[in-house]
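Visitor: Hi! Could you walk me through this one, a bit at a time?
Guide: Happy to. Here it is.

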Amino acid sequence: MLQALEGVRVIEFSAGMAGPWIGRFMAYCGAEVIRVESANHPDVTRQYVPPWAPEMGTQPQLSPWFTDWNAGKRFIALDLTQPKAVELAKRIVAMCDVVVENYRSGVVDKLGLGYPELRRVRPDIIMFSSSGYGDSGPYNRYVTWGPNIEALAGLSKLSGFPERECTMTQYAYPDASSALHGLFAVMCALDYRRRTGQGQYINLSQLETTVSVIGHVMMDQLAHGREPQKLGNRSLHAAPHGCYRCKGEDSWCVIAVSDDSEWESFCNAVGEPEWIGDPRFATLSSRLEDVNELDQLVESWTASRTASEVMTTLQEAGVAAGVVQNAEDQMHRDPQLAARGFFEEIEHLKKGKVIATGIPLGLTGTPGRSGRAGAAVGQDNEYVFGRLLGMSPNEIRELVEAGAIETA
Amino acid sequence: MAAQRESALKGRRVLELADEKGAYCGKLLADMGADVVKIEPPGGDPTRHVPPFWHDEPHPDRSLFFLYMNTSKRGVTLDITRPEGQALFRRLASAADLVLETLPPGYLGSLGLGYETLREANPGLVLTSITGFGQTGPHKHFKCADIVASAVGGAMYVTGEEDDPPVTLAGSQAYVMASTFAAASSMMALYRSSISGEGQHVDISVEETTASVTHICGVGKWLDDGIIPRRSGTGLFASVPSGTYPCKDGMVYLMINRPLHWKALAGWINETTGNEEVLNPIFEGPSSNRQAYRDLLDVYISDLTCQFSVDEVYHEGQRRHIAFTPVNTASAAAQDPHLAARNYFIEVTDLGERSLRYPGAPYRHSETPWDIQRPAPSVGQHNGEVYRTELGVGGDDLRALEESGII
């Protein structure tokens, strides 16, 4: 069977993660994704200096995030300030189903590549545009990165231990989340176009997407005008529910017991059957009232066991528990991820092979696969301008000399 | 609320047999116009009891979680553990595009409702299963909770303060992201199915989707530099400076990734505080040049920000193209002037004739805008519509099904 997006062609005017990760997924599923780069706006991943050899200076093909966000794509380079380059870009758009862009709000319009222009070259084009604040509103030109959005959307202050001012992730959560929503939004537009022949313009504000993913938490504020309760690792409807210290350095296991029958299983598994009927803990509501004491009891058991032991013992008894894993744990100590082949070996133009986090779209009938990583700037100029656009070598050479087409 | 507009997924029929792992997936599809029929056990879904409730009054139609997660869906009840229930389900599935489920691996199969059975009657059907660990593997039958997926998926290890225990985000984000993956993947499978006539089984593991969402702290980075990413407060390890800084009336968040932005910030610090050292060329260039001076630069920046209010730092900073944003409470986010100007929040009138403000569209389509078609359903609200009108089950038969607890 063909791959899910076989026959779909995408062009990207993109940067960082929020735009490019969308193209990465589509390429993984068989779409042909062409990414446009420009020398005067090098992507952050192209400015990578290897921490293991800083004396090498900037290495544009080696960043692991360049792999994560861009493996499998075609790369061309254009100086979009030149009209001839913009013409070329539009000729490629005419052959594409989807445009993905996440430049700063207003930039593509200034370049002559806004939706009204692109519609002229391809009336049914689907254009997706993502930025921090969206394409309208008083602050839409403001500069933001993923973590800024965590703070702005309220996620940082809603999350974490009550005694902390705010809590943030190290993984720029809004970038990943908005890319996934963007992918879904594009697929909806493709479905509509399949049915009606019509394209459209999609605008995504990363701030709005982030509020949407915590929408159910925000409802308490919206309905009652009160700040939602900050829960840390606790739950309003499960106890015990938390993160417990285990034997070893920075070693933890989470446990979530959602009802009384699971509580019974838990008590038997840890060899404390007398806790079952203890009036402080016998019912969920009594456990919720005594969470501090409960957590201390649980930790008195976990603290002398490894996280792995805790997880295995409890899971065998039918209780939800999980080791707090880091990257090394996932790679070397997680039999489930290993059995599922989650980590992917990808061909890399400079490093031979690299191992990357998998793309868990789960399409068992049309499995995805990553194309090559580590492409140079303009790696596929020849393919795109020569083969796709049918330009002659002389034509291409003239445009390279004029600087409209850029090379590495 | 329900305006006369085209919807992207009009005509797509979805059956949802999902708990918290998949509720948001069904919502994404329904709010884009798909007909999502949520199938609940007779008596209603357990997620109707998730607090907090509207006015703190527990009631199956008042869980704020349920209200938000189930907008635009229709609701029926059905006991799929009984043969009559299974027969009705098979009839519904034979006319559906997508079945979305979050039951333990193999459970639907044990009821005669697995993918191989359903596809016989409907070769184009897509079955999307969301489970904690996936359909295969040694942990496939492990019990999951959102916090468990956040833990094994690597999110907790890298969230919060350096000296604190690992902590999870508000609002079950592992489940929300698994749902988002499931929605995108289902649409890809449907895209292929519309062309080829063949559906497939989509196997979503919440552990894997969490590991994917957190990939910048994952194996790629670790294998490259040998340093295991770990929680380290509010600054991002690769961006210097970055983090939260105190103002007169709250905190702002700052991130610097580009040399030009550092120059702008250094200039502002110098202008305001008279600090000359901040202009030293050793601090210029990419973040890696500033890594060794992180703590020092944090002091310089705090000297600047503590002289102003949050709003002042925010807007003056942005005027200088520096990525400062407020660290907002939920209340501040709900009243954000930009979100208000974009009409992001919308009013929804629901079954109790209540009008509540809801978060709005995560994206804006020019031809087929997101929209809440209807409020979250009450228990079995659409039984008549679905069973009688659409499946042709007679009135007496419907009553008999109710009485015997099939619906």
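Visitor: What follows H10(B)?
Guide: Gly274(B) comes after H10(B), and its phi is positive, near 80 degrees. This is a predicted model, where local features need pLDDT of at least 70, side-chain atom pairs count only at pLDDT 80 or more, and totals for chains, interfaces and linings use all residues. Residues are numbered from 1 along each chain as its sequence is written, while chains are lettered from A and ligands numbered from 1 in the order in which they are written.

Visitor: And which residues of H10(B) are buried?
Guide: Trp262(B), Leu265(B), Ala266(B) and Ile269(B) are. Buried takes 20 or more other C-beta atoms within 10 Å of the residue's own, exposed 12 or fewer, and partly exposed is in between, with C-beta atoms placed from the backbone. Helices here are DSSP runs of H or I with at least four residues, strands are E runs of at least two, and both are numbered from the N terminus.

Visitor: What's on the face turned away from the buried side?
Guide: There you'll find the exposed residues Leu260(B) and Glu271(B).

Visitor: Switching to chain A, what is the strand order in the open sheet?
Guide: The three strands run E7-E8-E9, with antiparallel pairing. Two strands pair if DSSP finds at least two bridges between them. The edge strands are E7 (241–245) and E9 (320–323) of chain A, each pairing on one side only.

Visitor: How many bridges join E8(A) and E9(A)?
Guide: Four. Cys253(A), for one, has Val323(A) in E9(A) as its bridge partner.
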